[in-house]
Amino acid sequence: MLETALTHTLKIRYPIFQAPMAGGPTTPDLIAAVSNAGGLGNLGAGYLTPEQLRTAIQEIRKRTDRPFGVNLFVPEEPTELEEMINQMTDYLNFYREELGIAQNPLIQKSSEAFEEQVQVLLDEKVPVFSFTFGIPPQEVIQTMKQNGTVVIGTATTVEEAKQLEAVGVDVIVAQGSEAGGHRGTFLKSVTQSLVGTLALVPQVVDHVSIPVIAAGGIMDGRGLVASLSLGASAVQMGTAFLACPESGAHTVYKQKILLENEDSTEVTCAYSGKAARGIRTEFMNDMHHYSGKIPGYPIRNSLTRDIRQAAAKANNPEYMSLWAGQGLRLATDHTAAKIVEQTMDQARAAAIRVSLLGIIDD
Ligand SMILES: Cc1cc2nc3c(=O)[nH]c(=O)nc-3n(C[C@H](O)[C@H](O)[C@H](O)COP(=O)(O)O)c2cc1C
């Protein structure tokens, strides 16, 4: 039940993707638990070195023989002016003093080694490759497909989805504005591309002829059935898995996920220079008062890295990035397998409820 053409293609039982979440949450344990339970676990590998990536894939394979996916960031060239970076470094020294760490740290400006990361995925013949933040070179998409890998791109508007289909991706993730984490937007500005999942999914479905995965604010079986009704072939759930025991999220981050509500998040550039939805923090609020310009991604991400890491060490959530979507009140600390099972049980109940409505109307 609830099988779709996509679940057949990917050889998974249920149309449930655990979202790739770079920065630690998507451990091999989490990915394998979701894949073993019948969904598709996904590794958020955007920040991993090629060596770390290879090890993580090997660790996943030790835990499951089911399909899984790996997600990378399409690289962006840093374009910031030295002066803007220096000004920001000065400003951020206040937080460094608070946390008792060194001022004016050396900033690593180079972006992650995308080509080497891609090579690891090719060597390891991963079943699914997804990406966000743009479109990788055509050659990468074609080589992956020839290697037997299913390729998935991320869109936040219909126009982005059409471009992704035109370059040959197999599947599209339609990321609604409710979604936790970074926006995958790559054509217009983020403010012009904040379209809710309920509005985005059917419009993308109508304008492409490849399968669409709904993402953003989907936390349970009700969201799954709603998404399938909109024409999606599966859902991608991130926030729903953040607080489960297999997630690698920091303990205080997990606590915040379980405590906070639908109105606790905001889309911010404060941490990484790229718009992302996360739980409101003191750092985010403070940055509203910064009068200069915040450097863009990935420079900004490097500029705040030492602060986020020191805050995590000190168990201080207020200076950490706590990416989360608007479905927060529905988050649980159940195991990953239970979340998958419960989502399917709720989906069956929701599907019956919806079909009974039809009978009553008749
Ligand atoms: C902590 C966190 C990290 C994320 N990291 C990534 C990532 O590395 N790559 C990606 O494509 N999407 C990433 N996302 C976005 C998810 O793929 C997905 O769009 C989102 O989780 C869906 O919304 P939800 O959190 O409301 O379920 C991340 C989301 C969260 C919450």
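Tutor: Let's go through aromatic rings, salt bridges and a surface patch. Residues are numbered from 1 along each chain as its sequence is written. This is a predicted model, where local features need pLDDT of at least 70, side-chain atom pairs count only at pLDDT 80 or more, and totals for chains, interfaces and linings use all residues, while side-chain values use heavy atoms, with hydrogens and water left out.

Student: Okay, how many aromatic pairs are there?

Tutor: A search of the whole structure turns up 11. Rings of Phe, Tyr and Trp (its six-membered ring) pair if their centres lie within 6.5 Å; planes under 30 degrees apart count as stacked, over 60 as edge-to-face and the rest as tilted.

Student: What kind of pair do tyrosine 271 and phenylalanine 283 make?

Tutor: A tilted one, because their planes sit at 35°, with the ring centres 4.9 Å apart. Tyrosine 271 is in the loop between β10 (265-268) and β11 (276-279) and phenylalanine 283 is in helix α12 (residues 282-287), so the pair ties together parts 12 residues apart in sequence. Helices (H or I, at least four residues) and strands (E, at least two) are DSSP runs, numbered from the N terminus.

Student: Is tyrosine 271 buried or exposed?

Tutor: Buried, with a relative accessible area of 1%. Phenylalanine 283 counts as buried too, at 1%. Buried means under 20% relative accessible area, exposed over 50%, and partly exposed in between (1.4 Å probe, protein chains only). Both rings belong to one aromatic cluster, whose members also include Tyr91 and Trp323.

Student: Switching topic: how many salt bridges are there?

Tutor: The count comes to 16, a salt bridge being a side-chain nitrogen of Lys or Arg within 4 Å of a carboxyl oxygen of Asp or Glu. One of them joins glutamate 124 and arginine 61, at 3.3 Å from N to O. This pair links distant parts of the chain, 63 residues apart: glutamate 124 in the loop between α5 and β4 (128-132), arginine 61 in helix α3 (residues 50-63).

Student: And which of those side chains is buried?

Tutor: Glutamate 124 counts as buried, at 16% relative accessibility. Arginine 61 is partly exposed, at 36%.
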